[in-house]
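Please examine the sequence and the 3D structure shown here, with attention to the aromatic rings.

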Amino acid sequence: MKRSKKMSRREFVRGTAALGGALAAGALPAGTQPAGAAPASAREAGMPYRTMGNTGLRVSEIGFGGYPIDDPDVILYALDRGINYVDTSNCYRGGASERTIGEALKGRRDRFIVTTKWCPHHVGRPAKKQVFLSQLDASLKRLQTDHVDIVLNHEVGRNSDGHGLERLKNPEILEAFEAARRAGKVRFMGASGHDPDLMDVMHHAVDSGAFSVLLCRYSFLDYPDQDRLIARAAGKGVGFAAMKTLAGAKGADLEKFKDRHVTFRQAALRWVLSNRKVSNLVISINSRKQVDEYAAAADRPLTRADLDILREYAEEFSTQVCRFSGACMEACPEDVRIADILRFSMYYHEYGQENRAVESYARLVASERAAHCLHCSGFCERACAYDLPIRTLLIRAHDTLSDTALAPGPGPREEDPSRGRISEGG
Ligand code: SF4
């Protein structure tokens, strides 16, 4: 059954029922006390910390998403605000993210918890142990450190590379991780992704016992499937870091979702952190202003004012934010990578990460692109439970992200950090 165009108050409150109940009872827990391992300045900054599953790592509730970072001083500023968790990848801006973070780590490596990733576009297929290890060595070199705390197998959903479960079951990954762990180059392994089939893949990761940390989308518009995954992960001691926490991050329109004390972003982050089974969240940062705004989100629990802002946002944008349910893709007679293309479009239009969006779209082959949609009646829209105008969104994405319609998919482009206004994300 289709939902109404706008999410009703009843629907939204039902989605946040547990939170609402806790609010009414005044029982929402505040942040945990900082761990002994946390730096003194972090304790003074008031940043709460949580233990990441069975790893024992004490991570700041706000994690530094390193995709856009080009100034190491911003990372140090974040450290002073208590943010000790830094997330990056070997594929972020052609290694520029890791290089910038490496500058910040120099002389203070022990004050950070560092996560990098094995990107599927870099490890190739079939992925071999030696390639994983050489990719990790390259990351360590860029990061100017002898070890990272966590390495994530990146974009593990089937939709990202067509082989989600196969990748997680690849014995070469396990052998590579074990060799790197024994060499002291990494402490824990995890998995990250944001595809329609993500739940299947991530539940497998939880059950396998091989993965200590998950990095997944989670926002006030994504429940309830994620809640079940998070609860299962917590039950098995698997840490859960949340990303894509801003539910589409409709950046151009956020000013109106703000009162004197709370911004939409702060409300969205608090909603995520109000789930005590979440270890922390990762949000893209590239300015001191963002550090201040996000760090402040962690200094108090979710409030009724926060929920009001989120409700307003949901009512405004409910039909514009992809929930990654995947129903549209089953209905599509072509092979259009709908969820991925909508995500790339979000990078472009909402995050200001044009480079990332265009490069990602360029990796798709012609049969996976949205050129098909120009001549289609929109089977995908009829299957969408959230009334997204998918065909219109896809045609816009295709116009924006492709140089020429129906062009065959070129290989990855050379990274050019001067392109794009990389400013914020979620
Ligand atoms: S508009 Fe048609 S071709 Fe395009 S994604 Fe939807 S169903 Fe597939």
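Predicted model: local features only at pLDDT ≥ 70, side-chain atom pairs only at ≥ 80, totals over all residues.

Residues are numbered from 1 along each chain as its sequence is written, and side-chain values use heavy atoms, with hydrogens and water left out.

A search of the whole structure finds eight aromatic pairs (rings of Phe, Tyr and Trp, the last by its six-membered ring, with centres within 6.5 Å; planes under 30 degrees apart are stacked, over 60 edge-to-face, the rest tilted). Tyrosine 67 and tyrosine 92 form an edge-to-face pair, because their planes stand at 70° with the ring centres 5.0 Å apart. These two residues are 25 residues apart: tyrosine 67 is in the loop between strand S3 (62-65) and helix H4 (72-80), and tyrosine 92 in the loop between strand S4 (85-87) and helix H5 (96-105) (helices, H or I, of at least four residues and strands, E, of at least two are DSSP runs, numbered from the N terminus).

A tilted pair is formed by tyrosine 218 and tryptophan 271, at 5.2 Å centre to centre and 50° between the planes. Tyrosine 218 lies in the loop between strand S8 (213-217) and helix H12 (225-235), and tryptophan 271 in helix H13 (residues 264-273), so the pair ties together parts 53 residues apart in sequence.

The table lists buried residues (under 20% relative accessible area; exposed is over 50%, partly exposed in between; 1.4 Å probe, protein chains only).

| Residue | Relative accessible area |
|---|---|
| Tyrosine 67 | 4% |
| Tyrosine 92 | 8% |
| Tyrosine 218 | 2% |
| Tryptophan 271 | 3% |

The charged end of arginine 356 sits over the ring of tyrosine 67, 4.0 Å from its centre (CZ of Arg or NZ of Lys within 6 Å of the ring centre and within 35 degrees of the ring normal).
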